[in-house]
Amino acid sequence: MITRILEVDNRTMTTYFILLGFPTRPAFQLLLFSVFLAAYLLTLLENLLIILAIRSDGQLHKPMYFFLSHLSFLEMWYVTVISPKMLVDFLSHDKSISFNGCMTQLYFFVTFVCTEYILLAVMAFDRHVAICNPLRYPVIMTDQLCGTLAGGCWLCGLVTAMVKMVFIAQLHYCGTPQINHYFCDISPLLNVSCEDSSQAELVDFFLALMVIAVPLGVVVSSYATILTAILKIPSAQGRQKAFSTCASHLTVVTLFYSTTLFTYARPKLMYAYNSNKVVSVLYTVIVPLLNPIIYCLRNREVKAALKKTVLCKGSGPREEGDCSR
């Protein structure tokens with residue numbers, strides 16, 4: 001493949017990258033395309049239904065579901081940043097992506113990942129207040145505070161991604177860089193840079209430490225106090241009811257943090273191995289697909305709202321009164 005090269009200050013700067021993706025036989029590529037397309041469309045549908053259910057059901061106008069709607073909105077864009085290009089590459093012989101396209105994909109991917117880390121920590125704090133301070137919960141978790149926390153999550157994600165991009169976009173990539181991945185991620189890009197990337201690595205490590213470690217600390221401390229409070233509840237039914245309010249979130253946190261930490265806690269040279277692609281599929285495809293299912297299966301309020309939303313969309317005039325109940 002011929003890559004256009006620009007001469008800049010006696011140095012070469014490539015304008016394209018090659019995404020190696022999943023090198024398999026054409027028949028298997030078609031199978032992968034079908035599977036990932038179904039997963040992508042189902043993820044969009046699931047999260048859209050959750051957003052519609054939360055907006056249409058007054059019983060779900062609570063802080064917990066306000067943050068859940070932000071998580072669903074985030075994950076719709078999170079998968080959209082990666083899946084369309086990946087699906088096109090399954091059917092095309094041209095696996096190239098422009099430099100600007102690669103940097104744009106990376107920027108939004110980092111934005112959504114960082115935002116999700118912080119948003120999951122905020123949701124853990126919300127459960128902490130609800131269980132440990134139930135009487136003061138409405139006073140503490142006001143609409144203004146919830147809006148500020150949600151906005152802060154998005155702002156932190158955008159700023160973190162911007163700082164990382166300032167350093168990564170300035171690196172030089174010689175010749176025709178082949179990225180052993182199916183999307184533009186930080187470590188694979190650092191791995192194909194033809195100059196010293198130690199400064200960009202240091203900045204990436206420091207920001208990753210802040211964005212991962214601090215929210216993880218909030219999550220762990222929140223659930224430690226939640227567990228302590230639950231164990232103090234005298235009745236078994238009360239303990240079960242209290243735990244059920246945060247079981248879905250705890251499951252989602254465990255899935256997202258475990259898969260991403262496994263990837264980003266490893267050295268950049270490990271991206272030379274195909275095993276990292278499999279792990280990346282877990283948090284870029286599987287986890288976003290499972291999250292709405294987890295919230296629906298373990299939350300009766302969400303299940304009831306979804307049932308009402310789905311059934312009432314196709315109901316006639318006679319049933320409109322029932323749907324509004």
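**Burial, helices and salt bridges**

Me: Is M123 buried or exposed?
Reply: M123 has a relative accessibility of 5%. The cut-offs are under 20% relative accessible area for buried, over 50% for exposed, and partly exposed in between (1.4 Å probe, protein chains only). At 5%, M123 therefore counts as buried.

Me: At which pLDDT do side-chain atom pairs count?
Reply: Residues are numbered from 1 along each chain as its sequence is written, and side-chain values use heavy atoms, with hydrogens and water left out. This is a predicted model, where local features need pLDDT of at least 70, totals for chains, interfaces and linings use all residues, and side-chain atom pairs count only at pLDDT 80 or more.

Me: Which residues is M123 in contact with, leaving aside neighbours within four places in sequence?
Reply: M123 is found in helix α3. Helices (H or I, at least four residues) and strands (E, at least two) are DSSP runs, numbered from the N terminus. M123 and F67 lie 56 residues apart in sequence, with a C-alpha distance of 6.6 Å. Contact means heavy atoms within 4.5 Å, and by that rule the partners of M123 are F67, L68, L71, H249 and Y295.

Me: How many helices and strands does the chain have?
Reply: The chain has 325 residues, and 47% of them count as buried. Take contacts between residues at least 6 apart in sequence: 77% join residues at least 24 apart. The secondary structure comes to eleven helices and five strands.

Me: How far apart are the end C-alpha atoms of residues 145–167?
Reply: The unreviewed UniProt entry lists 145–167 among its "transmembrane region" spans, along with others including 30–53. UniProt positions are given in the numbering used here, feature names are shortened, and annotations may be inferred rather than shown by experiment. In the model, residues 30–53 are 100% helix, with end C-alpha atoms 34 Å apart. Residues 145–167 are also 100% helix, and their end C-alpha distance is 33 Å.

Me: Which helices do the buried residues of α5 pack against?
Reply: The buried residues of α5 include C146, W154, K164 and I168. They pack against α2 (63–91), α3 (99–132), α6 (186–192) and α7.

Me: Which residue forms a salt bridge with K164?
Reply: K164 counts as buried because its relative accessibility is 8%. Its contacts, leaving aside neighbours within four places, include V110, I186 and L207. A salt bridge puts a side-chain nitrogen of Lys or Arg within 4 Å of a carboxyl oxygen of Asp or Glu. Here the closest N and O atoms are 2.9 Å apart, and the partner of K164 is D204.

Me: How many residues apart are D204 and K164?
Reply: The pair forms a salt bridge. It links distant parts of the chain, D204 in helix α7 and K164 in helix α5. Both residues are buried. Their separation is 40 residues.

Me: Why are D89 and K85 separated by about one helical turn?
Reply: D89 and K85 form a salt bridge, with closest N and O atoms 3.1 Å apart. Both are buried. An α-helix has 3.6 residues a turn, so residues three or four places apart point the same way. D89 and K85 sit about one turn apart because their spacing in helix α2 is four residues.

Me: How many salt bridges does the count come to?
Reply: R127 and D126 also meet in a salt bridge, at 3.0 Å from N to O. R127 is buried at 7% relative accessibility, and D126 is buried at 1%. The count comes to three.
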